[in-house]
Amino acid sequence: MSAATTRSRTPDRLCAEAVDLARAAAEEAAAPGIVGEHVGVVSEGDRVVTHFFECRELGYRGWRWAVTVARASRAKIVTVDEAALLPGPDAVLAPEWVPWSERLRPGDMGPGDLLPTDAEDLRLEPGYSGEDEPAPNVPVSHEMADLVEAEDADVTTGSASGFTVAPSRGSIPAVAEELGMRRARVLSRYGLHSAADRWEEAFGPKTPMAQSAPAACVSCGFLVPIGGSLGQAFGACANEFSPADGRLVSLAYGCGGHSEAAVMPRPPQPPAPVIDETRVDPFPLRPAPDSGSVPPAADADTEELGHS
């Protein structure tokens with residue numbers, strides 16, 4: 001180990017003793033009452049020392065005021081090099097900055113928010129627009145070039161605005177637009193697989209709801225089929241009582257709201273009342289003698305009172 005290395009690791013005595021000078025520099029840079037106790041000293045090199053002071057400012061727990069002092073060779077006067085507020089080993093630091101594209105999570109967008117899509121987004125690929133194919137009846141088309149060669153004619157030169165343009169309805173881009181293919185970008189295979197994995201993770205056969213379901217969605221009457229290649233594995237749920245109502249679910253998903261899992265029997269209907277209007281039911285005004293409510297023979301007590 002060289003002598004220079006040994007000297008650099010040992011704090012210079014005069015610089016290490018300049019605690020008051022370092023504190024004055026820290027108090028000048030900080031607000032009054034913010035600089036706390038002296039907590040340490042570190043040698044930065046030959047005759048260069050950094051003093052650390054506790055920071056008492058709210059919100060900066062664990063931070064320290066660092067004041068670096070130095071002196072020239074063979075000089076006895078110590079001067080202040082710089083003062084700064086630095087985090088300590090236990091300082092509360094802000095999390096590492098993450099780009100917004102990586103911080104965004106599903107459900108973060110709200111009304112009026114704009115989410116730009118990266119030009120190199122792997123989920124998308126260029127769609128068919130027909131712009132690279134000329135219209136059949138323009139001078140630059142292959143058919144027109146063959147016709148010119150056969151008729152031994154010349155193509156009129158000039159700007160394109162001077163020619164009769166074919167109606168947009170008969171052009172290839174118009175047909176592509178009518179078929180729903182005139183989009184700048186469409187889902188790529190990677191985008192399709194990403195969407196399928198995401199939907200299957202939320203409403204797939206491995207979810208707890210599907211594991212306890214009596215049947216799969218493929219046989220449910222509330223399943224609305226979708227088009228495209230994804231329609232072979234997914235559909236939309238239209239059961240308002242299902243947890244997946246209005247969501248794309250896997251055909252192997254299921255829940256307790258399956259249309260054919262438990263069909264309730266029709267409740268029994270009571271028969272209609274029968275009224276016989278052709279017969280008269282007798283209603284006696286007095287009870288019959290043999291009904292038990294009237295004694296069969298009168299006694300002496302009732303006769304004296306005038307009862308019979």
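The model is predicted: local features need pLDDT of at least 70, side-chain atom pairs count only at pLDDT 80 or more, and totals for chains, interfaces and linings use all residues. Residues are numbered from 1 along each chain as its sequence is written, and side-chain values use heavy atoms, with hydrogens and water left out.

**Helices and strands.** The protein has nine helices and nine strands. These are DSSP runs, numbered from the N terminus: helices are H or I with at least four residues, strands E with at least two.

**An open sheet of three strands.** The strand order is β7-β8-β9, with antiparallel pairing. Two strands pair if DSSP finds at least two bridges between them. The edge strands, β7 (223-225) and β9 (248-250), each pair on one side only. β8 (residues 234-237) pairs with β9 over three bridges. Phe234 has Ser250 in β9 as its bridge partner.

**Met109 in its loop.** Met109 lies in the loop between α4 (100-103) and β5 (124-126). Its relative accessible area is 45%. That makes Met109 partly exposed, a class between buried and exposed, the latter being over 50%.

Methods: Buried < 20%, exposed > 50% of the residue type's maximum accessible area, 1.4 Å probe, protein only.
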